[in-house]
Amino acid sequence: MDEPAATFPEEGASADELLDRIDALAGGDIDWRSGRAFSLVYHPDDEALHHLQEAVGRRYLHENALNPFKYPSLVHMEQDIVGMALALLHGPGGSGSLSSGGTESIFLAVHTARSWIEQRRGIDRPNIVTPATAHPAFAKACHYLRIEHRTAPVGADGRVDVEAMAALIDDRTALLVGSAPCYPFGTIDPIPAIAAAAVERGILCHVDACLGGWLLPWWERLGEPVRPWDFRVEGVTSISADIHKYGYTYKGASTVLYRDADMVQHQWFLYDDWPGGLYGSITAAGTRPAAPMAGAWATIRFLGAEGYLAKAAMVRDATRAFQAGVRAIPELAITGEPDMSVFEIGSATVDMGAVGDVMDDRGWNLDRQQGGLHLMVSPYHVHLTDQFGSDLADAVAGHGASRGKAAGYGGIVGHEG
Ligand SMILES: Cc1ncc(COP(=O)(O)O)c(C=O)c1O
């Protein structure tokens, strides 16, 4: 950033000035509206939905879901969303809550497992076992909660080796994790085998369906093969599923769901040892922004099964076309056996970093992974598949040396002093 060091403004700026400044600042931001972005934003290709979301966001801009007694509308929406999500994932009679995103849902599920094993077995320093491909949110939750994080390797197909996972379980293990699908390769782990290992040991099993939770049910209804992953699998005790991904709402909405109606009680933090009266909170955040909740509720009810199914068909068609484009280039390969609309393009012969650089120059924003380039397909992409295929072929045929862009998609920018 070539901004001068920030000083506190003596006088306020005008709204016009600030909006102009924001426009100028945002000039360097990713242009997701063009569809040439593959993560961060899930472009639903739906103007009517966008207008509804803007209206709902404005309506709930300043509301605060911290105190449910003051906002019965938000209590209604949260319960309604949890109920709809449980119905969708075949967990009627279960429990759950909304959270701000996948990371918070995972944090809450890990915290619940820790609290559960402490209550049940008096174990206060447990461990959890995840696939090596599990999202870093598990490592982060373990870091915050001082839980040991054990990771099991995945096979060439991109799915966790369940025997290796079972070998990592001991008396302090509270939770086994599988992804549906995992972020790096888009593969669904062998959830029935993971859940069976959990049942055998009498411990919990979480499915991270942050990516797939709001897409796989429609994928299945479209007749696509979907490996078992939801509450229909015996032994799956909790699921995280993000509405702000393939649920197509704006950022700040995820669900954390439990098979057992009482399990969500572990999320509650109640405290009255201060002068302010009883404080109760069900998520990691205290003040909870209402706009994402209301936006998620309106989005789900606006689209309904019909709308989600239509968007899933677009995602499926775009995924097939992208993958056909990759397979038409002999130097490239798709890593593992992706189950959904997320996959990695790798190569044994071509420097994929250099290919990514050419694609960047052509306006595509492909995240780099250790093994190649990452794609996360949205409905809007169905309009861009031919262009993508020809740009990719050009990039493979004529690239220079890699500019050395590091693998990753999270944030490493901070501010000190
Ligand atoms: C499989 C998976 N789990 C969890 C997360 C974390 O979600 P969030 O970025 O909303 O915190 C992601 C994000 O992409 C993900 O792909």
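I started with Leu40, which lies in the loop between helix H1 (15-26) and helix H2 (47-59). Helices here are DSSP runs of H or I with at least four residues, and strands are runs of E with at least two, numbered from the N terminus. Leu40 has a positive phi of about 75°, although it is not a glycine.

A note on what I am looking at: this is a predicted model, where local features need pLDDT of at least 70, side-chain atom pairs count only at pLDDT 80 or more, and totals for chains, interfaces and linings use all residues. Residues are numbered from 1 along each chain as its sequence is written, and side-chain values use heavy atoms, with hydrogens and water left out.

**Entry: the domains**

I looked up how the chain is divided, and found domain 1 (31-46 + 304-397) and domain 2 (53-300). These bounds come from an automatic or database domain assignment. The C-alpha centres of the two domains lie 27 Å apart.

Next I checked where they touch: 32 residues of domain 1 are in contact with 30 residues of domain 2, contact being heavy atoms within 4.5 Å. The area buried between them is about 2600 Å², and carbon and sulfur atoms give 63% of that. Buried area is the accessible area (1.4 Å probe) that two parts lose on being put together, summed over both. Tyr308, Asp339 and Met340 supply 32% of the area that domain 1 buries against domain 2, more than any other three residues.

**Entry: charges and polar pairs**

I counted five salt bridges between domain 1 and domain 2. A salt bridge here is a side-chain nitrogen of Lys or Arg within 4 Å of a carboxyl oxygen of Asp or Glu. Glu337 forms a salt bridge with Arg159, with the closest N and O atoms 3.2 Å apart.

H9 gives the most, with 11 residues.

Glu78 also forms a salt bridge, this time with Arg288, and their closest N and O atoms are 3.2 Å apart. This pair links distant parts of the chain, 210 residues apart: Glu78 is in helix H3 (residues 72-88), and Arg288 is in the loop between strand E9 (279-281) and H9.

**Entry: the ligand**

How many residues surround the ligand? I found 14, and the closest are Gly102, Thr103, Asp208, His244 and Lys245. To be near, a residue needs a heavy atom within 4 Å of the molecule.

Then I looked at single distances. A polar side-chain atom of Asp208 lies 2.7 Å from a nitrogen atom of the ligand. For Lys245, a polar side-chain atom lies 2.8 Å from an oxygen atom of the ligand. Gly102 uses its backbone instead, with an N or O atom 3.0 Å from a ligand oxygen atom.

**Entry: a cis bond**

Last, I checked Pro181, in the loop between strand E4 (173-179) and helix H7 (191-201). The peptide bond from Ala180 to Pro181 is cis, with omega near -10°.

Key
A polar contact is a pair of N or O atoms within 3.5 Å; within protein, one must be able to donate a hydrogen and the other to accept it, and residues adjacent in sequence count only if both atoms are side-chain atoms.
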